Amino acid sequence: MQGYGESSYGDGFADVYDDWYHDVSDVDSTIALLTSLVPSDRLREGRFLELGIGTGRIALPLAETGARVTGIDASRAMIERLRAKDPSGKVSVIVGDMLRGLPDASFDVVFVAYNTLFALRSYERQHELFAEVAKRLVPGGSFVVEAFVPDVGRPAGGNVGVRTMAADRVVLMADVHDPESQTVDGQFIEFTDGAAVRLRPFSIRYSTTTELDRMATDAGLSLADRWEDTRRTPFRQDSVTHVSVYRRASVS
């Protein structure tokens with residue numbers, strides 16, 4: 001998408017993200033899953049890193065458990081929303097690209113929630129991210145990826161639909177799918193009576209679970225578990241979402 005950059009999504013959605021996506025996935029089960037990946041006697045010493053931390057939907061309640069949480073996001077607008085909700089600074093925050101700006105530190109768990117991995121808009125950048133994450137995982141550490149399962153039957157071309165409608169406001173979503181490049185470019189278009197039109201762009205390059213597993217293998221990680229969601233619903237052939245846990249080998 002012409003003019004689209006690493007911070008475009010966050011800058012476009014920061015003011016509505018908590019309202020639109022607060023229930024996009026279950027926070028309580030996500031926290032339970034993430035904390036289960038660190039032995040209970042080490043939880044307060046365990047270190048977590050969230051890629052694409054946004055407004056802190058997951059990171060803030062995770063920090064409330066006593067875990068040490070760091071997050072990175074390219075959007076200053078998103079980070080400002082997070083900091084407003086976390087005045088005491090329980091979560092350490094880095095403003096930067098989630099591939100190039102990763103901290104030089106070790107973590108027990110690195111996680112990327114709700115399709116955020118696909119914000120890296122090429123196979124090569126996603127592949128490189130797995131390698132960079134692997135370098136930062138402690139032996140036995142986990143990389144958790146939450147994403148949709150691509151619909152291989154979706155045709156190429158454009159689609160327009162209605163997200164929300166009220167007497168004085170309508171939000172449309174328009175997108176264009178290219179199955180060859182595995183990309184979707186789109187806009188949420190907001191019309192409010194008496195106000196200027198507001199555009200909220202998004203652009204992703206999706207990967208199949210097979211591709212993600214290959215990236216993990218190349219980085220020296222192995223698939224430890226895969227579920228349909230963070231409630232650990234069994235993953236099936238017709239599942240439309242997945243939560244995959246990749247693990248770095250423990251020292252023998």
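Predicted model: local features only at pLDDT ≥ 70, side-chain atom pairs only at ≥ 80, totals over all residues.
Below is a quick tour of the surface patch, the nonpolar cores and the salt bridges.

**Surface patch**
- Leu199 belongs to strand E9, which covers residues 198-205.
- Together with Phe191 and Val197, Leu199 makes a nonpolar patch on the surface, and the three share about 270 Å² of accessible area.

- As a rule, nonpolar side chains in soluble globular proteins tend to be buried together.
- Here the largest nonpolar core has 39 residues, and the members touching the most others are Leu51, Leu117, Leu129, Phe130, Phe143 and Leu221.
- What does Leu221 contact, leaving aside its neighbours within four places in sequence? The list runs to Phe130, Ala134, Leu137, Phe143, Ala216, Tyr246, Arg247 and Arg248.
- Another core, of 25 residues, lies apart from the largest one, and its members include Leu37, Leu43, Val109 and Val245.

**Salt bridges**
- Opposite charges on side chains can pair when the charged atoms come close.
- The structure has 17 salt bridges.
- One of them pairs Arg125 with Glu6, with 3.6 Å between the closest N and O atoms. Arg125 is in helix H6 while Glu6 is in the segment before helix H1 (8-13), so this bridge ties together parts 119 residues apart in sequence.
- Glu6 is partly exposed, at 41% relative accessible area.
- Arg136 and Glu132 form a salt bridge too, at 2.9 Å from N to O. Both residues are in helix H6, 4 residues apart, or about one turn of the helix. Are they buried or exposed? Both Arg136 and Glu132 are buried.
- Asp213 and Arg226 meet in a salt bridge at 2.6 Å, N to O. That pair links distant parts of the chain, with Asp213 in helix H7 and Arg226 in strand E10 (residues 221-227), 13 residues apart.

Technical notes: Residues numbered from 1 in each chain as written. Heavy atoms only, no water. Patch = residues over 30% accessible without salt bridge, like charges linked within 9 Å, V, L, I, M, F, W, Y side chains within 5 Å. Areas by Shrake-Rupley, 256 points an atom, 1.4 Å probe, with all protein chains shown as cover. Salt bridge = Lys/Arg side-chain N within 4 Å of Asp/Glu carboxyl O. Helix = DSSP H or I, 4+ residues; strand = E, 2+ residues; numbered from the N terminus. Core = buried A, V, L, I, M, F, W, Y, C linked by side-chain atoms within 4.5 Å. Buried < 20%, exposed > 50% of the residue type's maximum accessible area, 1.4 Å probe, protein only. Contact = heavy atoms within 4.5 Å.
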